[in-house]
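The tour goes from one selection to the next and says what is found at each stop.

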Amino acid sequence: MAARVDPGSREIAAIARKARSVASACSVGNDLCNRAACRSKLGQWETVIEDCNVVLNLRPKYSKARLRRLILLTRLDDHVWVGG
């Protein structure tokens, strides 16, 4: 709305670019986290960890990606120790 009032403002343009960037990162993070959930159910463990790592690079505090990666790493660690 501020851009409509003062379309030539560099400050407003910079804020608008940042807002679009954050929205895009959130969308990509959600998509990758959902893809990781699907791949987890398919047993594609390495790609789940990769997807979660990409999400966490974009959004370091995204709890779903952190939890999904933690659960998977715990399961893989248990699998190794059990001898599977």
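A residue is called buried when its relative accessible area is under 20%, exposed when it is over 50%, and partly exposed in between (1.4 Å probe, protein chains only). The model is predicted: local features need pLDDT of at least 70, side-chain atom pairs count only at pLDDT 80 or more, and totals for chains, interfaces and linings use all residues. Residues are numbered from 1 along each chain as its sequence is written, and side-chain values use heavy atoms, with hydrogens and water left out.

**Whole chain**

Begin with a cartoon view. The protein has four helices and zero strands, in the order α-α-α-α along the sequence. Here helices (H or I, at least four residues) and strands (E, at least two) are DSSP runs, numbered from the N terminus.

Of the 84 residues, 20% count as buried. A contact means heavy atoms within 4.5 Å. Among the contacts with a separation of 6 or more, 42% are between residues 24 or more positions apart.

**Stop 1: the cysteines**

Select cysteine 38. Is this residue buried or partly exposed? Cysteine 38 is partly exposed, with a relative accessible area of 48%.

A disulfide is a covalent bond between the sulfur atoms of two cysteines. In this model, a disulfide is counted when a pair of cysteine sulfur atoms lies within 2.5 Å. The count is zero. Select cysteine 52 next: it is in no disulfide, and the nearest cysteine sulfur, that of cysteine 33, is 5.5 Å away. Cysteine 52 counts as buried, at 1% relative accessibility.

**Stop 2: serine 9**

Move to serine 9, in the loop between α1 (2-5) and α2 (10-42). Its relative accessible area is 15%, so serine 9 is buried. Show its side chain, which reaches the backbone nitrogen of glutamate 11 at 3.5 Å.

**Stop 3**

Which three residues are linked in a network of salt bridges? Select Arg35, Arg39 and Asp51, which form this network. A salt bridge is a side-chain nitrogen of Lys or Arg within 4 Å of a carboxyl oxygen of Asp or Glu. The protein has two salt bridges by this rule.

In one of them, aspartate 51 meets arginine 35 at 2.8 Å, N to O. Aspartate 51 is in helix α3 and arginine 35 in helix α2, 16 residues apart. Arginine 39 also meets aspartate 51, at 3.4 Å, N to O. Arginine 39 lies in helix α2 and aspartate 51 in helix α3, so this pair ties together parts that are 12 residues apart in sequence.

Aspartate 51 is buried at 5%, whereas arginine 35 is partly exposed at 37% and arginine 39 is partly exposed at 21%.

**Stop 3**

Finish on leucine 58, in helix α3 (residues 45-58). Leucine 58 is partly exposed, at 40% relative accessibility.

Methods
A polar contact is a pair of N or O atoms within 3.5 Å; within protein, one must be able to donate a hydrogen and the other to accept it, and residues adjacent in sequence count only if both atoms are side-chain atoms.
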